[in-house]
There are 4 protein chains.
Amino acid sequence: MSDRSMILTLSCPDRPGIVSAVSRILFEAGCNIIDAQQFDDNETGRFFMRVVFNRLEHANSEADIAASVEELAGRLSMTFNLRQSSVKKRVMLLVSKVDHCLADLLYRWRIGELQMELTAIVSNHDREHLACTDLGQLPFYHFPVSKQTKMEQEARIWGLVQETNTELVVLARYMQILSDGFSAKLSGRCINIHHSFLPGFKGAKPYHQAYERGVKLIGATAHYVTSDLDEGPIIEQDVERISHRDTPDDLVRKGRDIERRVLARAVRHHLEDRVLMNGKKTVVFPG
Amino acid sequence: MSDRSMILTLSCPDRPGIVSAVSRILFEAGCNIIDAQQFDDNETGRFFMRVVFNRLEHANSEADIAASVEELAGRLSMTFNLRQSSVKKRVMLLVSKVDHCLADLLYRWRIGELQMELTAIVSNHDREHLACTDLGQLPFYHFPVSKQTKMEQEARIWGLVQETNTELVVLARYMQILSDGFSAKLSGRCINIHHSFLPGFKGAKPYHQAYERGVKLIGATAHYVTSDLDEGPIIEQDVERISHRDTPDDLVRKGRDIERRVLARAVRHHLEDRVLMNGKKTVVFPG
Amino acid sequence: MSDRSMILTLSCPDRPGIVSAVSRILFEAGCNIIDAQQFDDNETGRFFMRVVFNRLEHANSEADIAASVEELAGRLSMTFNLRQSSVKKRVMLLVSKVDHCLADLLYRWRIGELQMELTAIVSNHDREHLACTDLGQLPFYHFPVSKQTKMEQEARIWGLVQETNTELVVLARYMQILSDGFSAKLSGRCINIHHSFLPGFKGAKPYHQAYERGVKLIGATAHYVTSDLDEGPIIEQDVERISHRDTPDDLVRKGRDIERRVLARAVRHHLEDRVLMNGKKTVVFPG
Amino acid sequence: MSDRSMILTLSCPDRPGIVSAVSRILFEAGCNIIDAQQFDDNETGRFFMRVVFNRLEHANSEADIAASVEELAGRLSMTFNLRQSSVKKRVMLLVSKVDHCLADLLYRWRIGELQMELTAIVSNHDREHLACTDLGQLPFYHFPVSKQTKMEQEARIWGLVQETNTELVVLARYMQILSDGFSAKLSGRCINIHHSFLPGFKGAKPYHQAYERGVKLIGATAHYVTSDLDEGPIIEQDVERISHRDTPDDLVRKGRDIERRVLARAVRHHLEDRVLMNGKKTVVFPG
């Protein structure tokens, strides 16, 4: 993405003329729309849009464009987000003992597949548990946690989030339930990977639950974290076929592949501003 | 399948020598094993096997083979089933108002894809609701049902099952919950198609539940009917991707495709004696 | 779709202001955009758009809207198509001896899943071969064909296409190669289902080719017919997993399921004006 | 796997009594069959079997069991392989500049998912190209190659294979075509990942070919290397859906995910002796 490329996402109550108004503003500001996707939720009457555009040579400044959008947003009761495509989001990764999602995200980041700045890797276990993953020079923090120290530990993480200007927190198999308060602070910018095809098999040991139930497919779910455990807006899911031959250990192994690709896709969608919140659901504009 | 082809399925506590004993019996009876599949459930210590074999020219009679297997079964605490491959199972189809599964099963039967004898088509609604499906000369029974008449209606169906020597009852979107007693009578020989990826979205209107939850894949589940609603042993499942663009009606439409192929596969597996009960789960030997 | 709903599809060389111009025209004509999807092909510099809109109460007439779009099309070197959503396309089905795709399309049409008017069913074999399919009162034509009579037979089909105002011809496993001239006449409005995952296994007996090669997945491809056999623009593809256990007959059976769902999706996309030609490829706006 | 667990794979012309003979030998030698899978290829009349068994406490020695199998093999024209399950195969990885498959295999090896001993990592490019992958203490060899030095370079690799007792060579996106002679030496023990769904898009730049053709799914293929380029026996394949929105770069990115999971599965199947050669095809007994 060049420095002249910008992404605008917005949502507002649906009414005639929104697309026309948005595209006119951008046209008149000297911008060329590269990609636009929109969605009318007929159930709720809410309208969602994602526009990628280039500022042409004699285009208005970013600030001027922002001002025009802001003015429109006021008129249309619109919430919006406008940013330069090339500015990478700042991301913190939280992990416990299993590190396949962490290793996968780091590899994708190193080869440039995921455009993000990593601010920190935080674990409730010490670094030795991540021995299979090359953390390189990334700042690592060991914040142990117990029932008694949960409040303090979350405060430390929150402090680090603020200090590092972290914009997205990824729970890459973090295995700790965030408190309601912490979930609220991270609303819309904390992605968790749950190792089941939600809403099936909420809670602990989902692969063992799946084994007991005898399902023929297992899955994983990436969702925004909310105070309502395993009920957050779903961003991405996927499944794989299993058979009676698969033991719980086989499910865990097969699940690792599903989890890491589902989480990576969800993070990517988020980094590219493709995910818009729609109540308890998401709108995900395809890449 | 020729008349000389037979299928033996069995299960028993695992111990050394079972495969050896079974294969020796068949070899000594003048049979050639065409296909054999087995499964050791390490969790329960139970052993499962499916053997397809041909009686060669000078082979023992079917009765003699059955006697040998019976004798072995006694020694090994084995439950087994032995039958001629070419004898078609007798199947009754139950349906309510939506007929896509019915139409699909009938087409597959007509072109010879599903090897079965159809004994009857039974609906709680009258025939007009199945106007999109060609029932041909198949016997159709309209057995209406209400809360008050449920017992009598099930007794009529059960009477018909006995009268027609029906071996398998398929609930092809029947939309009625069988009573515990009726479920018990049909244990292991009644297949239902549930229009969700169980255990997610049990109960009524699963596509609407899926829509509300905002899942990214929907599915269907074929399972044996038990008195525990939506908890029967799962035979087959499948899913398809959906997006925020899909309305509940779209989910219903996409679901029809999943339901009919999942149900058809499950019925086929059952007709070919590929499905063995393993407690609340199934062993499905692939075709 | 109400009578006030219209669909506009268009493509033109990309330049700034197209979305703005299109949405302004519709807004000023008193229309509300329900759904808009667009695509910039960066490789070719070509722009594609599909807009669904409602004419509000005091909107301009259809003719006036058409005139405005026409005027814009002239300025932007745009090809476009504008039609009332509720007007069903007129479709002819061609078939040979296997009828699973035909039966499937007819069922979907009967339950209202595929919005089309069927003009005729044409086969090069007589009606008895379609005994498993209920043709109802649909006009059926038996147009036999041989190498010697191919020209005449195609002329008969073409005559029927014209006479019945057929807008789309579907080769539902027709198994005859259309001549170059006939393909040209039907360009962009003739869909074929090929029983392989193209470009693998072109030509005859693709499932047998797949069996010989030992692939682990088989597939089907729906594409527009061009004079270049099996090279037409692809609309939809899908696959299923197979194993070494599957015989060529098993592949044919599994393939039937893939073929019918791939063809049905492609036909549906076409009927809803979701497919735009992009040289030798297609743009398919998701439903 | 305990030290008492062994795996026997075999193939021979089909005839009555093979299963009986094999299972009797193992039973009489004091072994308990844990898992047995077999396949009759009706086309070729060839029989394939994989048996996993435990030597019970008073079982015969491994050597005695091997002798019994050898004796049977002689009588039945059987080729077989017998080994202790816990002995890890010795594997060499060859790679060029892209390292996603390498990184993935190494991670799976480190967490114990792939049971193998790594003998060497060999590249035709120097180590800097693998900067995103942690090679740890693994022996790395830079063997540059040019048209002129191909023979010598292959001789060096071959020397290293022999010296390190390498049993399996994995081309983890090696991007060099092995000579016929070298392919022959590695017959049945060299796995390549091709970045297309073969037989579609053989040769160079398959993702660009796929883009040009406008397919709706892309895939990857793991196969044994033979002198006939891209025609070796296929072990595993998989695909993912793409759309008109995907650029060639997107296909390369999505392809990485498919390639690494297809290759990992194929390597795993091979390491567990699940893959038997059947002419130009494979029998893969599921895990």
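By what turn and what shift along the axis can chain B be laid on chain A? A turn of 180° and a shift of 0.0 Å along the axis bring chain B onto chain A with an RMSD of 0.0 Å, where copies are superposed by least squares on the C-alpha atoms of residues with pLDDT of at least 70 in both. The two copies are thus related as by a two-fold rotation axis. The model is predicted, and local features accordingly need pLDDT of at least 70, side-chain atom pairs count only at pLDDT 80 or more, and totals for chains, interfaces and linings use all residues. Residues are numbered from 1 along each chain as its sequence is written, chains are lettered from A and ligands numbered from 1 in the order in which they are written, and side-chain values use heavy atoms, with hydrogens and water left out.

**Chains A and B**

- In chain B, Gly200(B) has the C-alpha nearest the axis, 2.3 Å from it.
- The same surface serves both copies, as 100% of the contact residues of chain B recur in chain A.
- In this pair, 35 residues of chain B are in contact with 35 residues of chain A; contact means heavy atoms within 4.5 Å.
- About 3000 Å² is buried between chain B and chain A, 52% of it on carbon and sulfur atoms. Buried area is the accessible area (1.4 Å probe) that two parts lose on being put together, summed over both.
- Of the area that chain B buries against chain A, 25% is supplied by Arg213(B), Lys216(B) and His244(B), more than by any other three residues.

**Chains A and D**

- Chain A can likewise be laid on chain D by a turn of 180° and a shift of 0.0 Å along the axis, with an RMSD of 0.0 Å.
- Asp134(A) comes closest to this rotation axis among the residues of chain A, at 3.2 Å (C-alpha).
- The copies meet through the same surface, because 100% of the interface residues of chain A are also interface residues in chain D.
- Here 28 residues of chain A are in contact with 28 residues of chain D.
- The area buried between chain A and chain D is about 2300 Å², and carbon and sulfur atoms give 40% of this.
- Tyr107(A), Cys132(A) and Arg245(A) supply 28% of the area that chain A buries against chain D, more than any other three residues.

**The sheet of chain A**

- Chain A holds an open sheet of 7 strands in the order S7-S6-S5-S8-S9-S10-S11, with mixed pairing. Helices (H or I, at least four residues) and strands (E, at least two) are DSSP runs, numbered from the N terminus, and two strands pair if DSSP finds at least two bridges between them.
- Strand S7 (140–142) and strand S11 (234–241) of chain A stand at the edges with a single partner strand each, so one side of each is left without a neighbour in the sheet.
- From one strand to the next, the twist averages 20°. Axes are lines fitted to C-alpha atoms, for helices over the stretch in contact, and angles run from 0 to 180 degrees between N-to-C directions.
- Strand S10 (residues 217–224) of chain A is joined to S11(A) by 7 bridges, and the two run antiparallel. Leu217(A) has Arg241(A) as its bridge partner in S11(A).

**Helix H3**

- In chain A, helix H3 (residues 100–110) lies across strands S5 (89–95), S6 (116–123), S8 (168–171) and S9 (190–194), running at about 160° to S6(A).
- In chain C, 9 of the 11 residues of helix H3 (residues 100–110) are buried. Buried means under 20% relative accessible area, exposed over 50%, and partly exposed in between (1.4 Å probe, protein chains only).
- The buried residues of H3(C) include His100(C), Cys101(C), Asp104(C) and Arg108(C).

- Ser123(B) lies in strand S6 (residues 116–123) of chain B and is buried, with a relative accessible area of 0%.
- The side chain of Ser123(B) reaches the backbone oxygen of Ser96(B) at 3.5 Å. A polar contact is a pair of N or O atoms within 3.5 Å; within protein, one must be able to donate a hydrogen and the other to accept it, and residues adjacent in sequence count only if both atoms are side-chain atoms.
- Gln153(D), in helix H4 (residues 150–163) of chain D, counts as buried at 4% relative accessibility.
- The side chain of Gln153(D) reaches the backbone oxygen of Phe143(D) at 2.7 Å.
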